[in-house]
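This report describes selected local features of one protein chain.

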Amino acid sequence: MNNTRQNRKVVNIALAILLAFVLWFYVINVENPTGTATLRDLSVEIQGEEVLEDADLMVTDIDPDVMNLKVTGKKKTLMKLDKKNVSLVVDVSSITEPGEYELSVKTVYPAHVNTDNVSVSGWKEMQATVTVAEKKTKTISVRGEFIGTNAENCMAGTVTTQPAELKLTGPEEGLARIAYAQAQVGGDSVSSTISQKVPVVFMDENGVPVGDLENITSNATEVEITVPVRQVVKIPLEVTFQDGGGATAGDVSCKIKPAYVTVEAEPGADIPASINLGTIDLGQVYGDTSYSFPILLPDDVTPWGTIGYASVSVSIDKLTSRQLATHNIELTNVPEGYTAELVSSELYVWVRGIPGQVNKLKSADISVNVDLSDVKPGNGLLRVPAVVSLKEDAKDIGVIGTNYSVALHLTRT
């Protein structure tokens, strides 16, 4: 009895469903009443951008860029519409200069839909504001950077990228924010050359990544970055000091930059323990002085990186320097038949040595000899080299410089 009732209930439900379907089918296909449907979140597409490109213009913004479309039509037609086959477009082909434009949003239906059977409800609201800007181009450099660590006795060289420059396209305001592109590659204890393709990051002039890149396009978003890595040896740089002016090498404070030069550790190369830049005559050093020396390597040694010049800073701060004026000037070997007369009766001389000794030195302790044997006779003003010397008991003191001279008149008697 219960089974009979259960079976009858199932049959009744099936008949009800079938009746509902038949009724729905009749209404849709025979009666086909008018109804309304809403398609939500349709993207607004741009049409005619190629015309803007020919005029060096571009769309930078569209508001709104997503819309809900409310359509009215026959039910049978509305059933054929959905988000996948209905499009919203804005035609910008008529725009000829930068600015903001209020444009109508057009509806594009699928080909199998009879557009006479459907219409847009609230079509006055189907408007979008399109912003058009002048399209500019900008070329920026790509800066490669190695952010890893070197293996022992290895060093990474100059990083290169391919391409070395990128061409950007976009509105002028956006391009102005981008200063260069950065490409980085890393690794721990790297002992061999790295070469791989990596994405670039666009940076501003302060080295900060540019966040909003909307409307900016680049001819490449990745570059091939190469980091040469070699086994290297660091050779210290040095200079030789020639005693003079009361100073010896032990009195000198010296700083060399760079302190060493890096060379490749190629098999069989005769790598020197150090490289001597040259000789500095302390007799010509008056005070704190800087020199520039070229870094010269042996022929069979290959530099790693650029080898240029080394800066040598010399300071003799352990001794005291002093300038004195002496009147003890002797003219010797005056040409026969001529008279020599000094323009000035004094000569200023620099001396250097232990502070106590230098402070005790007097002008009378300095003598100057002017040898006129090589002077060609003739009237007029002459400048003749002078040799400066100190008294024999002036210990731990020296004369600074050798280019002393005096001015004199040589006249015929």
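## Salt bridges and local geometry

K136 has a relative accessibility of 30% and therefore counts as partly exposed. The model in which this residue sits is a predicted one. K136 forms a salt bridge with E134, and the closest N and O atoms of the two are 3.5 Å apart. E134 is likewise partly exposed, at 41% relative accessibility.

Side chains of opposite charge can pair when their charged atoms come close.

| Salt bridge | N to O distance |
|---|---|
| K136 and E134 | 3.5 Å |
| D365 and K391 | 3.2 Å |
| K391 and D393 | 3.6 Å |

Which residues are linked in a network of salt bridges? They are D365, K391 and D393. The side chains of D365 and K391 meet at 3.2 Å, N to O. D365 lies in the loop between α5 (355-360) and β27 (366-371), and K391 lies in the loop between β29 (387-390) and β30, so this pair ties together parts that are 26 residues apart in sequence. D365 is buried, with a relative accessible area of 13%, whereas K391 is partly exposed, with 35%. K391 also meets the side chain of D393 in a salt bridge, at 3.6 Å from N to O.

Strand β30 (residues 397-400) contains V399. Is V399 buried or exposed? Its relative accessible area is 16%, and the limit for a buried residue is under 20%, so V399 is buried. Apart from neighbours within four places in sequence, V399 is in contact with G245, G283, V349, W350, V351, V388, L390 and Y404. One of these contacts, V351, is 48 residues from V399 along the chain, yet the C-alpha atoms of the two are separated by 4.5 Å.

A patch of negative charge on the surface is formed by D61, D63, D65, E100, D212 and E214. Within this group, E214 is placed in the loop between β14 (201-203) and β15 (217-218). E214 is exposed, with a relative accessible area of 52%.

P64 is in the loop between β2 (57-63) and β3 (66-74). A cis peptide bond also runs from K257 to P258, where omega is near -5 degrees. P258 has its place in the loop between β18 (253-257) and β19 (260-264).

Positive phi angles are the last topic. D41 is not a glycine, but its phi is positive, at about 60 degrees. D41 is in strand β1 (residues 34-47) and is partly exposed, with a relative accessible area of 46%. Where is N153 found? N153 is in the loop between β8 (127-146) and β9 (154-156). N153, also not a glycine, has a positive phi of about 65 degrees. At 52% relative accessibility, N153 counts as exposed.

Conventions. Residues are numbered from 1 along each chain as its sequence is written. This is a predicted model: local features need pLDDT of at least 70, side-chain atom pairs count only at pLDDT 80 or more; totals for chains, interfaces and linings use all residues. Side-chain values use heavy atoms; hydrogens and water are left out. Patches are made of residues with over 30% relative accessible area and no salt bridge: like charges are joined within 9 Å, nonpolar side chains (Val, Leu, Ile, Met, Phe, Trp, Tyr) within 5 Å. Accessible areas come from the Shrake-Rupley method with a 1.4 Å probe; for residues, only the protein chains shown count as cover. A salt bridge is a side-chain nitrogen of Lys or Arg within 4 Å of a carboxyl oxygen of Asp or Glu. Lys and Arg count as positive and Asp and Glu as negative; His and the chain ends are not counted. The place of a charge is taken as NZ of Lys, CZ of Arg, CG of Asp or CD of Glu. Helices (H or I, at least four residues) and strands (E, at least two) are DSSP runs, numbered from the N terminus. Buried means under 20% relative accessible area, exposed over 50%, partly exposed in between (1.4 Å probe, protein chains only). Contact means heavy atoms within 4.5 Å.
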